[in-house]
Amino acid sequence: MTAPRPLRAIRAEWTKLRTLPSTGWLMLLAILGTVGLALAITGSLDYTHCDSPCTVDTTKLSLAGVRLGQVGIVVLAVLAVTAEYSTRTIQPTLIAVPHRFLVVLGKLGVLAMLGATTGVLAVAGSLAAGRTMLPGNGFTAAHGFPALSLADDLTRRAAIGTVLYIGLVTLLGAGLGLLLRDTAGAVTAALALLYGSPVVATFVNDPTWQHRIHRFSLMDAGLTIQATRNLAAEHIGPWAGLGVLSLYAAAAVIAGLIVFQLRDTH
Amino acid sequence: MNARESFPRLLLAEWTKLRSVSRWVITLIGAAALTIGLSYLAASGNKTNINAHADFVTGPHGEPVADAFYFVHQQVTGDATLTVRVASLTPVPGRAQLNPREGDSLVPLNDPSPFAQPAAGIMIKDSTRPGSSYASVMLTAAQGVYMQWDFDADRKGSASSGARWLRLVRSGNAITGYESADGAAWQKIGTATPKNLPSTAEIGFYVSSPATVYTSRGGGSSSVTERPTSAQATFDNVQLGSGGTWHGVPVGDQARLDEKGGVSGGGQVTEANGGYAVVGTGKVGPRPPDDDMVEAALIGVIAGLMALIAIGVLYATSEYRRGMIRTTLAATPRRGRVLAAKAIVLGTTSFLVGLAGAVGSFVLAIPVLRKQGFTPPGFPRPSLTDGSVLRALLLTAAFMAGVAVVGLAIGVLLRHSAAAITITIVLVLGPLIIGMILPGTSPKWLMYTTLAGGMATQRAKPPTITLAEPWAMIGPWAGIGVVAAWAAVTLGLAWWQLRKRDA
Amino acid sequence: MEPSIEVRALRKRYRTTVAVDGLSFTVRAGEVTGFVGPNGAGKSTTMRLILGLDAPDEGEALVNGRPYRSLRMPLTHVGALLDASALHPGRRARDHLLWLAHSNGIGKRRVSEVLDQVGLASAARRRTGGFSLGMQQRLGIAAALLGDPPVLMFDEPVNGLDPDGIAWIRGLTRSLAAEGRAILVSSHLMGELEDTADHLIAVGRGRLIADTSVAKLLAAASKDHVEVTTAQRTEATTVLANAGATLTVAGPETVVVEGLPGDRVSALLTEAGISFSELRRHRASLEEAYMDLTRGAIEFAPETGAPAVEGSVR
């Protein structure tokens with residue numbers, strides 16, 4: 001009669017998130033933030049202002065909006081976990097699903113799904129923005145810039161990679177929430193991890209160090225997959241970059257899971 | 001109770017609230033520790049080898065200078081007076097023109113310094129060795145007449161742009177510069193005592209024309225390109241007490257300029273009709289490296305800032321949890337005063353934490369940077385008593401305090417910790433990330449309008465667009481001004497809403 | 001098997017304080033078991049341990065013979081109301097029950113049923129942020145009833161309720177017990193359990209003080225107590241005291257006599273020629289009985305010597 005426990009846990013977590021108005025707003029914020037910045041960037045690019053030969057990576061620039069838009073989904077993920085502690089609904093949650101691993105599984109499953117959905121919509125919107133804005137600014141096929149298309153292998157890789165990136169930062173946010181249990185602490189930590197290292201990298205002028213920071217900072221490494229031109233200049237390979245991000249996300253989730261299993265629920 | 005009497009008590013009450021939450025006290029201490037720790041660790045990520053560059057020239061005070069021009073000179077011993085009339089000064093349509101496509105992607109650096117102007121003038125100089133002591137009087141292309149000496153000192157003369165009579169008088173070690181419209185009525189510009197001027201020195205007339213600096217930035221990096229320019233000037237009525245022979249010589253590393261499309265041989269002189277037509281290229285003036293050692297020592301501020309933002313927001317939002325605000329407002333019904341007290345307590349605390357972090361970072365990171373090549377002459381040793389260093393440290397602390405207060409105000413406005421923290425952090429970091437992607441000078445408006453502009457407070461050097469970091473485009477006072485404006489506006493909104501809304 | 005809660009030698013320490021110290025008891029089906037003790041006696045901790053929210057340091061708690069964490073559909077075994085304010089203020093009442101229902105494979109129809117049962121049907125679409133304490137309590141009870149469980153645990157269910165609400169909860173508790181469920185209701189006020197509880201588990205400082213039926217407890221507390229109503233109170237007091245009774249003045253014409261059976265009191269008074277209008281067996285209130293039990297077991301009571309319970313245990 002009833003579904004298996006993992007599915008029930010996922011369904012419960014989905015109902016929980018679906019019934020909060022903030023979930024929809026934060027997803028919308030993430031999508032609009034991403035697409036909005038994509039419009040602003042692609043709209044301000046101008047072929048006549050480009051070097052010759054023009055090496056602008058239009059795919060990468062069109063997708064650059066996730067750097068801003070991800071904030072919405074990361075905060076959504078952190079809140080999905082920490083709000084359970086601040087409102088103390090963690091109590092009914094664990095009374096209903098005493099198996100803690102299932103609670104985490106349900107939460108992460110739903111968040112990954114929401115993250116991926118947000119990612120797909122944000123990426124689709126960004127690419128559409130690029131397709132609309134770029135030809136008008138001189139980035140035409142005649143100049144060596146065919147319209148952005150998923151038929152292009154590298155663009156497709158960038159698009160899929162960006163969706164995965166958003167899914168992974170969502171999991172990272174949830175993991176930090178589990179680990180810290182405190183909204184303020186987890187939001188600050190997540191944003192500091194994402195944005196801190198690129199800013200530090202600009203302070204640092206030693207190329208070796210810059211290289212290291214770009215390789216091992218979540219955002220720079222994870223978004224390397226957006227590059228479609230001049231790949232040799234990147235600090236890390238596209239999939240390796242996502243791998244670095246996955247390691248961070250996995251570390252946060254596993255540490256969070258261990259803490260969640262061991263600690264009492266006060 | 002008299003309201004004026006009670007405000008200090010209100011401050012004390014808010015201070016007690018802040019210090020009695022041990023988590024916050026730990027975070028505050030942590031903010032300073034994080035600032036210092038990250039600054040110290042990241043300092044080793046900076047390296048420079050500017051002092052090892054072959055073309056690196058140091059001036060008489062040991063500072064990095066540019067010293068390249070075309071000099072028509074002769075030796076003179078003891079007191080002397082040189083008078084010339086600069087009949088004309090025109091830029092030479094260069095071979096170094098950018099092609100139009102390049103011209104669009106590169107942004108020319110507009111340096112307002114009087115040392116960065118094409119100039120024709122007269123000079124007395126220790127020797128033709130680059131970097132040696134000198135004093136000169138010159139007509140610049142767009143800024144009138146100047147007297148300059150030893151690469152960093154100048155006196156402004158008239159704003160004349162046409163033909164001009166110039167005179168240098170040496171009397172012992174003192175050099176006095178004069179100018180005149182007609183060669184009869186002379187106006188004194190100034191008197192200088194160059195550091196090392198032997199009794200036998202080189203005197204003559206010269207033309208310089210600094211290279212145009214183009215920058216290209218965006219995508220997280222920046223590059224700087226120099227394109228040499230040259231100028232031609234005509235000198236007549238050349239009068240020197242002793243009538244020796246004039247020799248034209250390019251001073252400085254002209255071969256390098258030649259390579260890049262500059263004037264062949266670094267310039268030339270031709271004599272005609274009792275006058276001299278001189279073509280010259282190069283710059284005479286200060287040439288500090290772009291990197292800012294003080295800024296590099298304060299990397300950790302970004303980390304401490306995050307912690308302070310969290311404290312600022314929680315200091316506001318924690319009041320709304322469990323209805324504590326009702327207790328607070330019952331104790332002090334005048335809500336604006338509560339907000340003022342909170343802002344003052346938080347601002348002062350954050351300022352002190354920020355100052356401890358900044359000074360600690362400076363003290364620990366500077367020795368590391370010195371090991372990494374940040375040494376004189378390129379980078380004179382910064383001291384806590386230098387005006388620019390003090391300014392950077394104090395304004396950085398003020399920046400951190402201001403951002404914490406913005407966090408407080410946004411916390412009062414939104415009453416939601418996560419939203420307030422996110423918005424405040426994004427206001428600081430978002431524009432930096434976007435600013436690094438956006439090309440050219442376009443991030444400047446982001447720096448003038450968002451909290452990110454406050455990062456400019458960490459710089460001890462003047463604004464520049466030659467660096468990748470977008471906040472370097474605006475000055476430190478503009479930066480702290482942006483933060484102060486944000487604090488004022490958000491506090492105003494918070495005050496207004498606090499009065500209007502029910503607790 | 002019979003629905004039940006069994007607690008065996010449970011012990012839980014939080015940093016320096018021992019919250020539960022070797023507690024054992026059983027909650028049986030068809031009864032309302034009152035769980036009493038002063039604030040901080042370990043009642044809520046015991047309930048958290050039963051529900052697997054916290055892990056015990058020693059001992060075990062079984063629900064229907066199994067540890068709570070091993071239950072596959074726990075809401076159909078135990079319904080619990082612990083902290084009624086544990087609600088997300090942005091979520092609607094109905095949705096709060098809906099996610100709980102989904103987590104245990106319970107149908108939507110049951111959500112509407114329990115909302116009707118607790119009288120929240122009209123507020124089902126409202127966000128819980130605007131709920132009063134009483135409405136939160138009703139929603140919490142709805143959540144506990146969601147799985148139609150044979151075992152129910154209510155932690156301080158009448159806290160913050162108005163008299164109507166208190167009467168409603170009493171009625172509900174009685175009728176749930178009458179259906180054969182095992183019910184554990186905690187309270188720090190004994191009076192609240194009067195007329196509700198059949199059985200009583202009293203704790204103090206994390207230890208068991210009493211595990212007894214309410215009838216027995218009241219009988220024990222009322223034993224040898226006779227209440228005399230007489231106009232000659234002073235004379236009556238003298239006579240009875242001389243006969244070895246302990247006397248408490250309970251009113252201008254009322255004396256409670258302890259230590260003498262009723263017929264002996266009657267005979268002594270008649271013998272002395274003291275007229276009395278009423279002589280009846282005194283029935284102790286649950287409150288009095290409880291005070292007897294917990295005297296000295298109250299953690300923050302002013303120190304007036306060695307706690308009686310500690311002494312009696314030794």
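## Two helices meeting in chain B

Let's start inside chain B, where Val301(B), Gly304(B), Leu308(B), Gly312(B) and Tyr315(B) of helix 6 pack up against Lys342(B), Leu346(B), Ser350(B), Val353(B), Gly354(B), Gly357(B) and Ala358(B) of helix 8. Sorted by type, the residues in this contact come out as six nonpolar, five polar and one charged. This is a predicted model, so read everything here with that in mind.

How do the two helices sit relative to each other? The axes of helix 6 (residues 301-317) and helix 8 of chain B come within 11 Å and cross at roughly 165°. Angles over 145 degrees count as roughly antiparallel, so helix 6 of chain B and helix 8 of chain B are roughly antiparallel to each other. Their crossing is right-handed.

## Helix 12 of chain B

Helix 8 of chain B turns up again around helix 12 of chain B, where it is part of the cover over the buried residues. Helix 9 (387-414) and helix 11 (443-449) of chain B are also part of that cover. Helix 12 itself takes in residues 476-500 of chain B, 25 residues in total. From first C-alpha to last it reaches 36 Å, close to the 36 Å expected at 1.5 Å a residue.

Which residues of this helix are buried? Two tryptophans are on the list, Trp486(B) and Trp495(B). Pro476(B), Gly479(B), Ile480(B), Val482(B) and Val483(B) are buried too, as are Ala487(B), Thr490(B), Leu491(B) and Ala494(B).

## Chain B as a whole

Zooming out, chain B has 12 helices and 20 strands. Its C-alpha atoms fill a box of roughly 95 × 50 × 40 Å along the principal axes. Of its 503 residues, 51% are buried. Looking at chain B contacts with a separation of 6 or more, 76% join residues 24 or more positions apart.

## Where chains A and B touch

The contact between these two takes 31 residues from chain A and 33 residues from chain B. On the chain A side, helix 4 (66-86) and helix 8 (183-203) are the elements giving two or more residues. Helix 8 of chain A supplies the largest share, with 14 residues. By type, the chain A side divides into 18 nonpolar, 10 polar and three charged residues.

## Where chains A and C touch

Chain A also meets chain C, with 30 residues of chain C in contact with 27 residues of chain A. Helix 2 (residues 93-103) of chain C gives the largest share of the chain C side, six residues. That side of chain C holds 16 nonpolar, seven polar and seven charged residues.

Helix 1 (residues 5-18) of chain A has 14 residues and reaches 20 Å end to end by C-alpha, close to the expected 20 Å. What is buried in helix 1 of chain A? Arg8(A), Glu13(A) and Lys16(A) are, and so are Ala9(A), Ile10(A), Ala12(A), Thr15(A) and Leu17(A).

## Chain C as a whole

Chain C comes to 10 helices and 14 strands. Buried residues make up 43% of its 314. Among chain C contacts with a separation of 6 or more, 69% involve residues 24 or more positions apart.

Technical notes. Residues numbered from 1 in each chain as written. Chains lettered and ligands numbered in written order. Predicted model: local features only at pLDDT ≥ 70, side-chain atom pairs only at ≥ 80, totals over all residues. Helix = DSSP H or I, 4+ residues; strand = E, 2+ residues; numbered from the N terminus. Buried ≥ 20, exposed ≤ 12 C-beta atoms within 10 Å, placed from the backbone. Contact = placed C-beta atoms within 7 Å. Nonpolar A, V, L, I, M, F, W, Y, C, P; charged D, E, K, R; others polar. Expected span 1.5 Å × (residues − 1). Axes fitted to C-alpha atoms, helices over the stretch in contact; angles between N-to-C directions. Parallel < 35°, antiparallel > 145°, perpendicular 65-115°, else oblique. Left-handed = near helix turned anticlockwise from the far one by under 90°.
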